[in-house]
Amino acid sequence: MGVFEPELLRTFLAVERAGGFTAAGRILGLRQSTVSGHIARLEKAAGRELFRRDTRNLALTADGAAMVGFARTILDAQGQAERYFSDSTLTGLIRLGASDDVMARELPDVLLEFQRTHPGVDLELTVGLSENLKTRMETGELDLVVGKRLPGERHGELLWRDRLVWAGRSATTEFDDPVPLVTYPPPSLTRRIALQALERDARTWRVTCTSDSQLGLRAAVLAGLGVIVHAETLIPDGLRVLGDPRLPMLGDLEFVLMRRRTTLSAPEQALCDAIVATARRFG
C-alpha cells in the first residue's frame, strides 16, 4: 500500500461529489486526463478499485465508499496541522450575502473550502434577492455580496455572464397566452426581465407562483404550474430549457462580486480571492 497524497485525495473527493471526471476537472481547474491520472495513482496506492465504470455511470465501489471517509479525515488532519504551525491564521467576521441561485450551485464548495483553510474566520451568510442584498450592503449590514446585475450596470466586479432562458418541466412544453409564470417576487431582476420581454412581444401572462427560494420555484415548475426565467448554467435539477420559439428572447444577466469597502480586511480579501478563482473556472 502506498502513501495517499493529499492532491490525489482532493481529486477523488471532487469526482465523488461531482459524479464524473469531466465535472470534477471543471471544479478543480484540471484536464480530464489529469483527473483520470490522479484517480489511477490513488487506486494503485490503495491497491483497490475505487470507482466502478461503465459507458453510462460512474459509481463508488465498497472500497471507494470507505475511501471517502478516510480522505476527508486525512485532509482535515492535514489542514489542522498546517493551521497549527502557521503564523498567519486569519480571524474576524465576514457578513456575506448571496443570491439564491448562486447559493444553490456554485458557492457551497467555495465556502466549505474557505472555512477549512480559515477556521478563525466567522462567516455570517444571508441568502436573498440580489437587489435586496445590494441595499443591505449599502446600509452597512453586509460586507460582501455575490449577486446579479443587468448588462450595462457598473456596480460590482464581473464574475461571469450568463444567458437567460425559459425553462419548464419538459423541453417540448409550449404555452398559449396567458403565459403561466413562476417567479421570484419583486425586486427580482429575472422577474423584471421576463415581464418586460413579454410586454415587448405583446404577450399576456399570469403569475401562477411566487417564491423567494429556488427550491419553491423548482417545485412549482415540476408541478406543472408554469415556466421560469433562469440563468442557463444554474438551471435547477430536473428543469429543461424550453424550445418554444414563440417565447421572447431574454438576453444576458451578469453575476458580480460586490464589496462594501474599497479597502478590504485580510479575511474579506481571502474570501474574495477564493470566489473570483472559482468564478473563472465556471465563467
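This passage walks through the fold of the protein and then a few of its local contacts. The model is a predicted one, so local features need pLDDT of at least 70 and side-chain atom pairs count only at pLDDT 80 or more, while totals for chains, interfaces and linings use all residues. Residues are numbered from 1 along each chain as its sequence is written, and side-chain values use heavy atoms, with hydrogens and water left out.

The secondary structure comes to 10 helices and 11 strands; helices (H or I, at least four residues) and strands (E, at least two) are DSSP runs, numbered from the N terminus. Along its principal axes, the C-alpha trace spans about 70 × 50 × 25 Å. Of the 283 residues in the protein, 44% are buried. Here, buried means under 20% relative accessible area, exposed means over 50%, and partly exposed is in between, using a 1.4 Å probe and protein chains only. As for contacts (heavy atoms within 4.5 Å), 76% of those with a separation of 6 or more are between residues 24 or more positions apart.

Next come the aromatic rings. A search of the whole structure turns up 3 aromatic pairs. Rings of Phe, Tyr and Trp (its six-membered ring) pair if their centres lie within 6.5 Å; planes under 30 degrees apart count as stacked, over 60 as edge-to-face and the rest as tilted. One of the pairs is F12 with F51, which is tilted, at 5.4 Å centre to centre and 50 degrees between the planes. F12 sits in helix α1 (residues 6-18) and F51 in strand β1 (residues 51-53), so this pair ties together parts that are 39 residues apart in sequence. F12 is buried, with a relative accessible area of 0%, and F51 is buried too, at 2%. F51 also pairs with F21, this time edge-to-face, with 6.3 Å between centres and 80 degrees between the planes. That pair links distant parts of the chain, since F21 is in helix α2 (residues 21-28) and F51 is in β1, 30 residues apart. F21 is buried at a relative accessible area of 14%. F12, F21 and F51 form one aromatic cluster.

Helices α1 and α2 also pack against each other, at an angle of about 120 degrees and with their axes 8 Å apart. Axes are lines fitted to C-alpha atoms, for helices over the stretch in contact, and angles run from 0 to 180 degrees between N-to-C directions. The contact is made by T11, A14, V15, R17 and A18 of α1 together with F21, A23, A24, I27 and L28 of α2.

R41, in helix α3 (residues 32-46), is partly exposed at 39% relative accessibility. Its side chain makes a polar contact with the side chain of E5 (2.9 Å). R41 and E5 are 36 residues apart in sequence and 9.3 Å apart in space, C-alpha to C-alpha. Not counting residues up to four places away in sequence, R41 touches E5 and L8.

T190, by contrast, counts as buried, at 9% relative accessibility, and belongs to helix α8 (residues 189-200). The side chain of T190 makes a polar contact with that of S188 (3.0 Å). Leaving aside neighbours within four places in sequence, T190 is in contact with L164, Y184, V229 and L253.

Technical notes. Polar contact = N/O pair within 3.5 Å; in protein donor to acceptor, adjacent residues only side chain to side chain.
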